[in-house]
Amino acid sequence: MRIESLFLLGVAVFFGCVGLIYWFLSYEDGGFLMLIGSCLLGLLPGSYYYYWHRRMGDRPEDRSDAEIADGAGVVNSFPASSIWPFVLGMGAFMTVLTFVFGAWFFPIGAGLIITALIGVTAESRRGGHV
Amino acid sequence: MTDVINPPIEGTGFIPPPAVPVEPETHGHEEHGPTGILKWLTTTDHKVIGLSYMITSLALFYLAGMMALVMRLQLTSPSGSVVSFQQYNELFTMHGSLMLYLFAGPFAFGGLANYIVPLQVGAPDMAFPRLNALSYWLFLSGSVTMLLGFFVAGGAADFGWVAYAPLSNATNSPGAGADLWIMAIALTGFSAIFTGVNLVATIFYLRAPGMTMFRMPIFTWNMLVTAILILIAFPVLTGALIMLFADRHFGTHIYEVTGCMTTASPGHPAVADPNACGVPVLWQNLFWFFGHPEVYILALPYFGIVTEVLPVFSRKPVFGYKGMVFATMSIAALSTGVWAHHMFTTGVVLLPFFSLLSFAIAVPTGIKFFNWIGTMWHGQLRLSAAMLFCIGFLFAFLMGGATGVMLASPPLDFFTHDTYFVVAHFHQVLFGTAVFAGFAGIYYWYPKMFGRMLDERLGKWHFWLTFVGFWLTFLPQYELGLKGMPRRVASYPADLGWQSWNVVSTVGAFVIAAGFAVLLVNLWISWRNPVPAGSNPWDAHTLEWFTTSPPPHHNYTHLPPIRSERPTWDYNHPDTPTIHHGPSGNGHGPGGSGHRTGDGSGAAPSGAALQPPVGSS
């Protein structure tokens, strides 16, 4: 995970440097804040990955001599199918329409979102298929 | 065990080697899962979601293209009456919004990346399948929200795809159409952010063993960099949109200047109160911090497509692999420091800083061009439709890029700002990438996605019509811009000599449309009379061509050893491997491959106690 962490830390270093140069050349608040925000966006996950790289060493996907068999076994958990993303998406759709067409969309949108959140949480805890 | 025999590729004279046998995978999911439309509504398969993205965004692309034809018809006459001025304003707004927010980006990072990236890194799916599905539904509902604008009183949004304040405030753009536009961009923005997170997690956590970062295909690298750009740029846009909405409806004064004047008294006229007024140019500052990286969010994935296609049809590895990767990173990094070059004429930006960084982007872009040409140099070129579209991209992007360098110079920008020169530059860059390279991607990966070929002869007709139409449409617009024709106008004076160039441009647009019609015919023929493609019809290099076409559920039953950035080529051509690594380096023995799948049951990764959590959202 070394390259991944360096990649993100590179983002942080670049934006940190550019942000500082921009500030001292322009004294413009908005651009400076956005550049420093981007610096933090690289710094936080980059540091996290670097911490894990130091702790766990190279994974099979980090080693150029790794065999496919080195990664044999379960890779991750992949749900086969789920209705809840669709329900959540439609809930978000109805909720944003509230801001345009009026409050009567809100109960529908909020209801769908709450139902979806409960559904997807229960589904994750069950660990099975719908 | 199923053997797939590849047919010769018509028109290329190339007979690919026998495909790698792949066992059909049966996890039991497809047999017992939902069927029909419920299967689509509940899918979390990255391939189905990717195809849904591509089909939806292509439909929107055709719709936006029709809007462009109407606008071009309007401009064939100085006082065109095809549409009213109001309708023209709505058309150019929705044309730009559909093309940029709902086609070019989602087609690449929602569609192609969703489908191709997990395959290229040897993953069974995206890291967060349900979040992936949610991204698509947010994108679809955002698209519907934007199009709803045509059906409300007052019509759709009419302030251009950049929605500059104060034109976009409640006084100048009243009505639900503008609000629907804001909400649509917010929805699709969240969709893009979720997809960006998913792509980064997939690439960081789900690569196959041996697939080190510097063995990833360039397309995957470009999607990684694009995903980081998305995570930098889209939250800023979302925040800016929320503030715009607040200005319009909640009485805030972030960009708003009306209603904040001091009270006039004898001898003291009303003036803007600096403590109560908003700053309209702040919108531009925030918008372009998103907007210029957005141009590269749209371009980098298509650079990746070109970098995949050129080596395959040149029968060579990509020239300067690491140079390509670092050039992509440099372009992306610099693209975030040039946002205010869109604001040179406001008079409140630091011209040398933004001009210098804008010029600097030409350097890594030039490296990319050099490497693309180096890849083709002394290669055994096969001029398939995909390859032709890539070559068309090189010409188009070179012209668009060169005029971009011109616009990075403040004096030249002052002269051409808001003229058709900018329109021509912009379309050459984005048409060159999203359309030429996008179609190259379609012709290249269609056999993988559907297991059937597209007709090469029709593909070449498609290319030549698009290529000729492209230059006919956009070259005259440079001349129009230099003659002073402003953008976003529905009529113009008859005595300025603009009409003839506008007519040429309109003819070109219809030639392009004829080319797009050929693609529909090609898809129809492929659908009605399928020609089986086999797993690797192009003798391609990267991992996605190792599995069947279309790939099975969870993509792979086994993988080849990964010893270079061309694992499939190495496996199929043991006599000419990309890199020699000694006895086990290119080993094709049984020990070299292994099974690697997702379990679909929520189990934790085995033997990975120290692995940071990936989750299954």
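In this predicted model, helices H14 (residues 420-450) and H15 (residues 456-482) of chain B pack with their axes 8 Å apart, at an angle of about 170°. An angle over 145 degrees counts as roughly antiparallel, and H14(B) and H15(B) are therefore roughly antiparallel to each other.

**H14(B) with H15(B)**
- From H14(B), the residues that meet H15(B) include B:Tyr420, B:Phe421, B:His427, B:Gln428, B:Phe431 and B:Tyr443.
- On the H15(B) side, the residues include B:Gly459, B:Phe470, B:Phe474, B:Gln477, B:Tyr478 and B:Leu482.
- Twelve nonpolar and five polar residues make up this contact, with no charged residues.

**Helix H9 of chain B**
- H9(B) has 15 residues, numbered 321-335, and reaches 21 Å from its first C-alpha to its last, close to the 21 Å expected at 1.5 Å a residue.
- Among its buried residues are B:Tyr321, B:Met324, B:Thr328, B:Met329, B:Ile331, B:Leu334 and B:Ser335.
- The buried residues of H9(B) pack against H7, H8, H10 (351-360) and H11 (362-376) of chain B, and also against helix H1 (2-26) of chain A.

**Chain B with chain A**
- In chain B, 69 residues are in contact with 54 residues of chain A.
- Elements giving two or more residues to the chain B side are H2 (36-42), H5 (129-148), H6 (176-205), H7 (218-249) and H8 (280-314) of chain B.
- H5(B) supplies the largest share of that side, eight residues.
- By class, the side of chain B that touches chain A has 38 nonpolar, 25 polar and six charged residues.

Definitions and conventions:
Residues are numbered from 1 along each chain as its sequence is written. Chains are lettered from A and ligands numbered from 1 in the order in which they are written. This is a predicted model: local features need pLDDT of at least 70, side-chain atom pairs count only at pLDDT 80 or more; totals for chains, interfaces and linings use all residues. Two residues are in contact if their C-beta atoms, placed from the backbone, lie within 7 Å. Helices (H or I, at least four residues) and strands (E, at least two) are DSSP runs, numbered from the N terminus. Ala, Val, Leu, Ile, Met, Phe, Trp, Tyr, Cys and Pro count as nonpolar, Asp, Glu, Lys and Arg as charged, and the others, Gly among them, as polar. Axes are lines fitted to C-alpha atoms, for helices over the stretch in contact, and angles run from 0 to 180 degrees between N-to-C directions. Angles under 35 degrees count as roughly parallel, over 145 as roughly antiparallel, 65 to 115 as roughly perpendicular and the rest as oblique. The expected span of a helix is 1.5 Å times one less than its number of residues. A residue is buried if 20 or more other C-beta atoms lie within 10 Å of its own, exposed if 12 or fewer, and partly exposed in between; C-beta atoms are placed from the backbone.
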